[in-house]
Amino acid sequence: MGITFRGRQEISGWKARADGLIADLHVTVRTTRRHGSRITVEAVYAGHLKAAPEAFAVPMTTHLDLDTHGRIVADEDHYSLATVLTRSGLPADRTPPAS
């Protein structure tokens, strides 16, 4: 699964939706690398889906694209939603409830 956010409004909207669905959400950064105007972050994405019996922890890769001044202009998160669901004790094809 890849998700791209552009600008503060999109990021704050994602955070609001995530807070509604996931308790104790946290990201643990493992490594970072810079290649030109892109930073790659390898991390562990973890939390507890509010409708699930168990917490999850999955690997995640984030790409941060920078402008010529070094400011983040876009980011993409890549992780497996099916793995998040199965590690949470839910079916891999479950659709989250509408918020």
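Modeller: Helices, of at least four residues, and strands, of at least two, are taken here as DSSP runs and numbered from the N terminus. On that basis the protein, which is a predicted model, has two helices and five strands. Along the sequence these elements follow the pattern β-α-β-β-β-β-α.

We may begin with the strands that matter for your request. Strands E3 and E4 pair in the antiparallel sense, over 10 bridges. The two form a hairpin, with six residues between them. E4 also pairs with strand E5 (residues 72-78), again in the antiparallel sense, here over six bridges. E4 and E5 likewise form a hairpin, with five residues between them, and Gly-70 in that turn has a positive phi of about 85°.

Now to the charged side chains. A salt bridge requires a side-chain nitrogen of Lys or Arg within 4 Å of a carboxyl oxygen of Asp or Glu. By this rule there are three salt bridges. One of them joins the side chains of Arg-38 and Asp-65, with 2.8 Å from N to O. Arg-38 lies in strand E3 (residues 38-49) and Asp-65 in strand E4 (residues 56-66), so this pair ties together parts that are 27 residues apart in sequence.

How open to the surroundings are the residues concerned? Buried means under 20% relative accessible area and exposed means over 50%, with partly exposed in between. Arg-38, at 29%, is therefore partly exposed.

Another salt bridge links the side chains of Arg-33 and Glu-42, at 3.5 Å from N to O. Arg-33 has a relative accessibility of 37% and so counts as partly exposed. Glu-42 falls in that class too, because its relative accessible area is 27%.

The remaining salt bridge brings together the side chains of Arg-71 and Asp-67, with 3.1 Å from N to O. With a relative accessible area of 24%, Asp-67 is partly exposed.

The largest nonpolar core has 11 residues: Ile-22, Tyr-45, Leu-49, Ala-52, Phe-56, Val-58, Met-60, Tyr-79, Val-84, Leu-85 and Leu-90. E3, E4 and helix H2 (81-87) each supply at least two residues of this core. The greatest contribution comes from E4, with three residues.

Of the 99 residues in the protein, 27% are buried. Among contacts between residues at least 6 apart in sequence, 44% join residues at least 24 apart. The accessible surface comes to about 6300 Å², and 54% of that surface belongs to carbon and sulfur atoms.

Notes:
Residues are numbered from 1 along each chain as its sequence is written. This is a predicted model: local features need pLDDT of at least 70, side-chain atom pairs count only at pLDDT 80 or more; totals for chains, interfaces and linings use all residues. Side-chain values use heavy atoms; hydrogens and water are left out. Buried means under 20% relative accessible area, exposed over 50%, partly exposed in between (1.4 Å probe, protein chains only). Two strands pair if DSSP finds at least two bridges between them. Contact means heavy atoms within 4.5 Å. Accessible areas come from the Shrake-Rupley method with a 1.4 Å probe; for residues, only the protein chains shown count as cover. A nonpolar core is a set of buried Ala, Val, Leu, Ile, Met, Phe, Trp, Tyr and Cys residues joined through side-chain atoms within 4.5 Å.
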